[in-house]
Amino acid sequence: MPLLGLLPRRAWASLLTQLLRPPCASCTGAVRCQSQVAEAVLTSQLKAHQEKPNFIIKTPKGTRDLSPQHMVVREKILDLVISCFKRHGAKGMDTPAFELKETLTEKYGEDSGLMYDLKDQGGELLSLRYDLTVPFARYLAMNKVKKMKRYHVGKVWRRESPTIVQGRYREFCQCDFDIAGQFDPMIPDAECLKIMCEILSGLQLGDFLIKVNDRRIVDGMFAVCGVPESKFRAICSSIDKLDKMAWKDVRHEMVVKKGLAPEVADRIGDYVQCHGGVSLVEQMFQDPRLSQNKQALEGLGDLKLLFEYLTLFGIADKISFDLSLARGLDYYTGVIYEAVLLQTPTQAGEEPLNVGSVAAGGRYDGLVGMFDPKGHKVPCVGLSIGVERIFYIVEQRMKTKGEKVRTTETQVFVATPQKNFLQERLKLIAELWDSGIKAEMLYKNNPKLLTQLHYCESTGIPLVVIIGEQELKEGVIKIRSVASREEVAIKRENFVAEIQKRLSES
């Protein structure tokens, strides 16, 4: 019985005691019914858990709780990102948090080992989704969709060593934008880069640079340098680490761990240290080795066209052709890109932020065909915004500046200076809610007025409506500005309209 292997030794005594009870009425002879055994096992497990000393309440490694203050900041970031996606015509969609394991395997290269596999509980082998791209490709193939522009915001899971201080987690949120369909070259790709620029500029994170390359150029470079084709993806994964490791360390990994000839690694080194603009694209056209490779020439041709469109979009100065960019995921087939924040001089009290890339993406023309029984391809290109890393940067800057975050959007507080006015407060707040105004009150029969006003000041509520004996007698409501502490009496029947007017002017 598999469950028995999970029990600690000290729980066996409790289990045996329960199993020695008389059989239940549905049992025959000495044969124990499955339900009784399962109940005994679970009871013993629970007792063992309760007896466990020094139990620590914590979140699992690589995860975090988000406080109300965190959620305000995160929602502002997500609102900006999603509004940009919608501005470019994308439709929202969602997919399950887990997929069939076979859906995800062999799509991520060496990173496949980072997937979270789930225990078989229903005859299917499942894994938590590793990204939002592969589920999207599965959706297109399953529903025979040939053309779609979509955005997707959701959590993904990766079983890697987390670095919380740099915004890296095992559970994190991704914001994806993708264009699926057969279109003329580089027009959708240019729009994706434009979207990345709009979002990063809107978030005001500082100067940034988007590195671009093409997987056909990467593969062509490997071929002319002498890399065996069987090692292309493995070497690509090593090159992808150049943003985190020095060239000598990447070279060591390729030669010692992956068996690449030292002279081949040195030839690769000559290329991966090159970066620039469209002039570098022209230079690579003239390269004696790279110009002899058909794949590389196709990639260079598309990049030249891409830079023409980026110039028309007014963002060419934000783009750098970088031969060190490889994007280790197996499914990329064409243009690839990655946005990084440029280090700026730190202000007093600030620590330098090193969070790696904050957005990335590329073209994956063959992924949908991997799910189609007939291999029908749907060309796709997309991007992903690194919300956790962006959130980390914004959070650190707010801490440095001592900025406070208002955690509610309450506009009006309903208060009273006297006892026995709960019913009147309930009537007022119901009118406010029914008019679409965000309102609160204290859940006490007879709260003190000073307590109510202090609550408004501490939570940033801008307006207070006050009802008391005098107001009730005169048929008015007092409206108080929390900031200026000025009060004005408004006729009872007009107070909602007056509040709506003030809110619209603020």
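**Notebook: a loop, a helix end and a pocket**

I looked up Arg-327 and noted that Arg-327 counts as buried because its relative accessibility is 14%, where buried means under 20% relative accessible area, exposed over 50% and partly exposed in between, with a 1.4 Å probe and protein chains only. I keep in mind that this is a predicted model, in which local features need pLDDT of at least 70 and side-chain atom pairs count only at pLDDT 80 or more, while totals for chains, interfaces and linings use all residues. Residues are numbered from 1 along each chain as its sequence is written, and side-chain values use heavy atoms, with hydrogens and water left out.

**Entry on the loop**

I found Arg-327 in the loop between β8 (319-322) and β9 (335-341); strands (E, at least two residues) and helices (H or I, at least four) are DSSP runs, numbered from the N terminus. Leaving aside neighbours within four places in sequence, I listed the contacts of Arg-327 (contact means heavy atoms within 4.5 Å), among them Arg-215, Asp-240, Tyr-332 and Glu-338.

I then turned to Tyr-331, which is also placed in the loop between β8 and β9 and which counts as buried because its relative accessibility is 6%.

**Entry on Ile-239**

I located Ile-239 in helix α8 (residues 232-239), and I recorded Ile-239 as buried because its relative accessibility is 1%. Beyond residues up to four places away in sequence, Ile-239 touches residues including Phe-222, Trp-247, Ile-268 and Ala-326. Ile-239 and Gly-269 lie 30 residues apart in sequence, and I read 9.6 Å between them in space, C-alpha to C-alpha.

**Entry on the lining of a pocket**

For the second largest pocket, I noted that α3 (68-87) and α13 (387-401) each supply at least two residues of the lining, and that α3 gives the largest share, five residues.
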